[in-house]
Structure formats: structure tokens, C-alpha cells
Amino acid sequence: MLSVAGAPSSMTEYNMPCIFCKIINGEISSYKVYEDEETLAFLDINPVNPGHTLVVSKKHYANIEETDEETLCRVINIVKKVGLSLKKNLSVRGYNVQMNNDPVAGQIIPHLHFHVVPRTENDSLKLWPQKEYKAGQAEAVLKKIKII
Ligand code: 5GP
Ligand code: ZN
């Protein structure tokens, strides 16, 4: 299928208004953790741990590459604010920041958002499994992705 930068990539996206845009404009209610002119942070409806917060840009961008630098910096700064609040007010000693960029990476809602998930020592969550490089594989992939 042909795609245009910034445009919905399928008819499904055309037919389904963005849920996070609806939360931002108040059509769907949410538990707001933080709000300013350009960003909103609200509780995830299905938390990994209580306090799991989503930080979104108010303007609709589908993913990181679509998002302009200034907005991305603002959103990340709010991630930091939320993380500090989780540490201070939930007495957690750390949190995961996750951004599922594009459907293949697990992104379900096509509106830029970062997950901030408070962590405790005994929450039994596992991080993703890691692999080892085969001989020559690191050099080969590096040759392809190195930014010069
Ligand atoms: P993704 O997989 O796109 O990175 O994550 C989307 C997240 O949005 C999921 O963790 C899901 O629980 C959350 N979510 C989906 N719909 C709603 C909703 O209507 N309200 C809230 N607060 N969270 C939602
Ligand atoms: Zn949206």
C-alpha cells in the first residue's frame, strides 16, 4: 500500500478516531496526573503496576519520527516529572520508561505516548529476553545502521 508521511496507514485508522485525541479533548474521561498546553499525562486504564502513567503530546503524532524535536523534548521532560512524582509519592525506587514505536513493536494506539511504570523489588515483572550476537553479526548490522 502507498503511504504518505503523517497520514493514516490504513482504512481502519481513517474510520477509528484516535482514543488519545478523545481523552485530550475531554470526550473520554481519564485520571489526569499532569497537564499543560502541549502535554497530558494520565493513568493507563490497565496498569502494569498502580500509578502506570501515559505521557502524550496533545498534538496527534503517530510515532517518534513524526514528532518534531521540540515536542519530543517536552514530552520527555514530562516523563521525568512523572517519574519523580512516582518516586516521591509512591515510595518506589525506580520506574521503566517504555515507548512502543509502531505496531510491530507493540504500539496499539497510534498517538505518541510514553509509558512510565513504577517498579518495586518484588513485582515479578521480567524485562525482555536478550540474545548473543553470532560471529560477524554485530559488525554487519553496525555497517547498516551507523549514522555518519
Ligand atoms: P501501546 O501498546 O499503544 O503502547 O499502549 C497503549 C496503552 O493505552 C495500553 O497500555 C492501554 O492499556 C492504554 N489505553 C487504551 N485505551 C485507553 C483508554 O481509553 N484510557 C486509558 N487511560 N488508557 C487506555
Ligand atoms: Zn491522537
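How many helices and how many strands does the protein have? The predicted model shows four helices and five strands.

**View 1. Overall layout of the predicted protein.** From the N terminus on, the order of elements is α-α-β-β-β-α-β-β-α. The protein has 148 residues, of which 19% count as buried. Of the contacts between residues at least 6 apart in sequence, 54% join residues at least 24 apart.

**View 2. Helix α3 along its length, residues 69–89.** The helix has 21 residues. From its first C-alpha to its last, α3 reaches 30 Å, close to the 30 Å expected at 1.5 Å a residue. Just after α3, Ser91 takes a positive phi of about 55°.

**View 3. The buried face of α3.** Val75, Ile78, Val79, Val82, Gly83 and Leu86 are the buried residues of this helix. Seen down the axis of α3, these buried residues fall within an arc of 145°, so they line one face of the helix. An α-helix has 3.6 residues a turn, so residues three or four places apart point the same way.

**View 4. Strands covering the buried residues of α3.** The cover includes β1 (32–35), β2 (39–43) and β3 (53–57). Also part of the cover are β4 (94–98) and β5 (113–119).

**View 5. The face of α3 turned away from its buried side.** Which exposed residues does this face carry? They are Glu69, Glu70, Cys73, Asn77, Lys80, Leu84 and Lys88.

Technical notes: Residues are numbered from 1 along each chain as its sequence is written. Chains are lettered from A and ligands numbered from 1 in the order in which they are written. This is a predicted model: local features need pLDDT of at least 70, side-chain atom pairs count only at pLDDT 80 or more; totals for chains, interfaces and linings use all residues. Helices (H or I, at least four residues) and strands (E, at least two) are DSSP runs, numbered from the N terminus. A residue is buried if 20 or more other C-beta atoms lie within 10 Å of its own, exposed if 12 or fewer, and partly exposed in between; C-beta atoms are placed from the backbone. Two residues are in contact if their C-beta atoms, placed from the backbone, lie within 7 Å. The expected span of a helix is 1.5 Å times one less than its number of residues. The arc is that of the directions from the helix axis to the C-beta atoms.
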